[in-house]
Amino acid sequence: MEDMSAYPQELTGTDVPMVSFRKVKKAYGDLVVLDDLDLDVAAGEMVTVIGPSGSGKTTVLRMLMTLEQINGGVIYVDGNPLTHMPKGGTLVEANQRHLRKRRVDIGMCFQHFNLFPHMTALQNCMEGPVQVLGLSKAEARDRSEELLELVGMIDKKDQHPSRLSGGQQQRVAIARALAMRPKVMLFDEVTSALDPEVIGEVTNVIRKLVAEHNLTMLMVTHQMGFARDISDRVCFFYDGKIEEQGAPADLFGNPQKERTQQFLSAVKEAV
Amino acid sequence: MSFLEFIDVYWPRLLSGTGITVAQFFLSAIFAVIFALAFGLMKMSPNRLVKGVAVTYIEIFRGTSLLVQLYWIFFVLPLFGVTLEKFTAGYVAIALNTGAYGAELVRGGILAVPKGQWEAATAINMSPAKRMWRIILPQALVNMLPPWGNLMIEVLKGTALVSLISVTDLMFEAKQINASTYLSAQIFGTALLIYYILARFLLTPFMRWLEAFMARKLGRA
Amino acid sequence: MFDWLFAEKWFPKFDWRWDFTWEILPRLVEATLNTLIAAAAGYAIALVVGLVLALAQRSGNRLLTFVVREFVEFVRSTPLLLQIFFIFYVGPQFGITLSPWVSGMIAIGLHYSCYLSEVYRGGIESVPKGQWEAATALNMTTMQTYRRLIIPQAVPPAIPGMGNYLVGIFKDTPMLSVIGVAELIHTANAIGSETWRYLEAYTLVGIIFLALSLPAAGLIRAFEGFVRRKLGMN
């Protein structure tokens with residue numbers, strides 16, 4: 001058992017990061033996916049995670065969304081522990097109630113969109129605000145229509161997902177996540193399942209979010225050019241660890257580690 | 001009367017009843033497979049008469065109850081000059097009923113074999129019969145074994161109905177013992193347990209083994 | 001029209017009597033009504049209990065899952081006929097007397113609830129994992145997720161199975177005759193023992209079953225299509 005007293009029950013002071021991974025471990029049986037991960041994301045920062053498949057980069061987002069349990073360490077969001085809760089002067093594993101309380105800060109978009117097929121685009125966006133946040137239908141509709149407008153899907157708001165293209169579905173999924181007004185947005189390979197010609201319509205929405213909104217964002221992507229354009233910081237994951245990180249110009253322009261160089265040149269050749 | 005005493009007195013009748021049940025099961029199962037293969041293949045025939053016969057058979061036996069079919073075969077068929085002894089009427093009815101469901105499984109299993117297999121067999125100039133027997137059916141068999149496992153459980157359960165035309169199977173013995181002792185929980189409970197053991201610990205493992213065996217034989221495991 | 005087929009020289013014992021047929025028809029029609037009521041009541045029980053059994057197996061409680069799983073396996077591996085006898089006769093041994101109708105409905109309802117629980121489980125499992133993850137990302141509770149997302153999506157793929165078992169329950173109601181429920185076979189048996197004529201009654205029973213269950217397959221398919229369209233899922 002890990003000694004939890006080493007971890008603070010809440011992060012205080014100036015410059016509290018929006019997201020903070022502290023010595024986070026993740027393993028499936030004997031297979032260690034993430035080993036003692038330390039990663040801070042400042043409020044309003046856009047951090048992109050890149051790396052070969054199997055390097056644990058998607059796991060980082062899934063742990064933050066509490067879709068995966070962690071096997072060690074603590075994750076803090078906005079200064080509060082997410083995976084744990086304070087009890088009797090120390091931190092204990094979070095129960096469902098605590099998770100429900102803390103998850104309100106986080107929203108996520110998935111590779112395969114995961115829209116609700118039996119609901120229209122608008123209903124998809126209204127579902128969370130009405131059911132979870134307890135908004136009135138009118139309020140939820142206003143908020144959802146505003147966001148569908150933002151992602152350019154307002155004229156398709158009454159369509160079911162089966163009638164929308166992949167790019168359109170992903171844009172609705174972004175609006176659905178934003179409708180919960182999260183402090184942190186997670187984008188998990190949101191363009192990987194899309195046909196090349198519609199990738200742009202999704203990346204443009206994300207660019208707009210970065211430019212116009214002060215959201216904290218964590219993104220996993222295979223699109224190096226896009227990552228370079230919009231990130232404040234890029235983390236290169238290799239074998240469950242952050243091998244190298246830095247400003248996109250530095251990491252892409254002048255990688256220091258051999259593995260980073262190998263990965264980037266392999267990606268370049270593939271293009 | 002304690003449960004052990006009860007078993008001590010009645011085990012010979014339970015055993016002979018179980019024997020009849022098992023015999024009914026095997027005969028029903030064998031004929032069901034034959035009917036299923038025959039009518040399943042017939043339903044895929046391009047000849048409309050052959051196909052029509054198969055469709056009629058399948059729809060009639062799937063559209064009515066096993067019990068109705070059993071009574072009809074036992075009580076009404078003699079009027080057409082076909083008198084079956086009750087033991088025979090029992091497994092014939094079950095086999096005809098199961099065969100109709102099995103025919104659909106055969107058809108489904110065959111249709112699930114990829115089209116390329118038919119084309120490849122044709123390309124090496126196999127005759128249609130040889131193509132079916134050597135190439136298609138073995139693969140179809142692996143496809144359809146899992147649902148056949150469920151169907152075999154239904155056959156075993158179906159044999160209980162033959163007690164209603166006085167075949168002295170396990171169900172029949174249980175009813176008789178109940179009528180003379182009124183120890184309903186003991187006798188019906190024991191009978192339920194015997195059926196459960198037959199289904200869960202003999203039949204199911206055998207079907208699993210057969211699935212694994214066939215898969216290995218076709219190099220799929 | 002088919003008289004030549006049944007000519008005396010072929011089938012000396014065959015004599016279909018139309019006057020007798022008309023005489024027994026009203027009794028069989030009444031019995032058909034009873035059969036349909038029995039099937040509907042048994043199905044209603046099976047629908048509800050089946051959902052409880054399915055959700056119990058997904059509860060996350062290992063002991064509960066194990067017990068329910070074994071119960072379902074047991075009921076599905078043993079003959080309905082024997083279960084009907086068991087429920088009808090074991091009650092009185094412990095001072096609980098159930099009418100034939102009540103014990104018949106319990107037996108057939110319980111039997112089919114086990115099959116339906118498997119259909120429900122299949123339906124629930126057919127909902128992609130991403131739907132659960134999206135629900136978590138929207139911070140929905142387990143109850144909300146089931147009610148708003150999982151069950152609506154689990155219904156269309158479950159409809160064919162649910163329909164087949166409705167037809168199955170209908171075709172299994174003749175077994176209730178053994179404890180004296182006056183459904184079709186019970187009535188045909190009674191006619192047989194009163195008149196020593198089996199041909200007309202048993203044949204009519206078969207025709208009635210065919211007439212009611214043959215259109216079912218098409219109706220089930222149409223209903224599934226209707227539900228999918230209604231949910232915008234096609």
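Select chains B and C together: of the two pairs of chains that touch, this pair has the most contacts, two residues being in contact if their C-beta atoms, placed from the backbone, lie within 7 Å. The model is predicted, so local features need pLDDT of at least 70 and side-chain atom pairs count only at pLDDT 80 or more, whereas totals for chains, interfaces and linings use all residues. For making selections, residues are numbered from 1 along each chain as its sequence is written, and chains are lettered from A and ligands numbered from 1 in the order in which they are written.

**The interface of chains B and C**

Colour the two sides of this interface separately. Here 32 residues of chain B are in contact with 33 residues of chain C. On the chain B side, α2 (48-63), α3 (66-76), α6 (128-158), α7 (170-181) and α8 (184-217) each supply at least two residues; helices (H or I, at least four residues) and strands (E, at least two) are DSSP runs, numbered from the N terminus. The most is given by α8(B), with nine residues. By class, the chain B side has 22 nonpolar, six polar and four charged residues. In this classification Ala, Val, Leu, Ile, Met, Phe, Trp, Tyr, Cys and Pro count as nonpolar, Asp, Glu, Lys and Arg as charged, and the others, Gly among them, as polar.

**Chain B as a whole**

The C-alpha trace of chain B spans about 70 × 50 × 20 Å along its principal axes. Of its 221 residues, 38% count as buried; a residue is buried if 20 or more other C-beta atoms lie within 10 Å of its own, exposed if 12 or fewer, and partly exposed in between, with C-beta atoms placed from the backbone. Among contacts in chain B between residues at least 6 apart in sequence, 73% join residues at least 24 apart.

**Chain A**

Bring chain A back into view. Chains A and B do not touch, and their nearest C-alpha atoms are 26 Å apart. Chain A meets chain C instead, with 22 residues of chain A in contact with 18 residues of chain C. On the chain A side, β8 (106-109) and α3 (121-131) each supply at least two residues, and α3(A) gives the most, with three residues. That side has 10 nonpolar, nine polar and three charged residues.

**Helix α3 of chain C**

Select residues 80-93 of chain C, which form helix α3. At 1.5 Å a residue, its 14 residues should span 20 Å, and this agrees with its end C-alpha atoms, which are 20 Å apart; the expected span is 1.5 Å times one less than the number of residues. The helix α3(C) is mostly covered, with 11 of its 14 residues buried. Among them are Leu80(C), Gln83(C), Phe86(C) and Tyr89(C). What do the buried residues of α3(C) pack against? They pack against α6, α7 and α8 of chain B, together with α4 (100-125) and α6 of chain C. After the helix, inspect Gly95(C), whose phi is positive, near 80°.

The helices α3(C) and α4(C) pack at an angle of about 135°, with their axes 9 Å apart. Axes are lines fitted to C-alpha atoms, for helices over the stretch in contact, and angles run from 0 to 180 degrees between N-to-C directions. The two helices α3(C) and α4(C) are therefore oblique to each other; angles under 35 degrees count as roughly parallel, over 145 as roughly antiparallel, 65 to 115 as roughly perpendicular and the rest as oblique. Residues of α3(C) that meet α4(C) include Ile84(C), Ile87(C) and Gly91(C), and those on the α4(C) side include Gly104(C), Ala107(C) and His111(C). This contact has eight nonpolar, five polar and no charged residues.

**Helices α1 and α6 of chain C**

Next, select α6 (residues 142-172) of chain C with α1(C); they pack at an angle of about 135°, with their axes 9 Å apart. Ala39(C), Gly42(C), Tyr43(C) and Ala46(C) in α1(C) meet Leu166(C), Ile169(C) and Phe170(C) in α6(C). These residues divide into six nonpolar, one polar and no charged.

Finally, centre on Val29(C), found in helix α1 (residues 18-56) of chain C. Val29(C) is partly exposed, because 13 other C-beta atoms lie within 10 Å. Val205(C) is 176 residues from Val29(C) in sequence and 9.7 Å from it in space, C-alpha to C-alpha.
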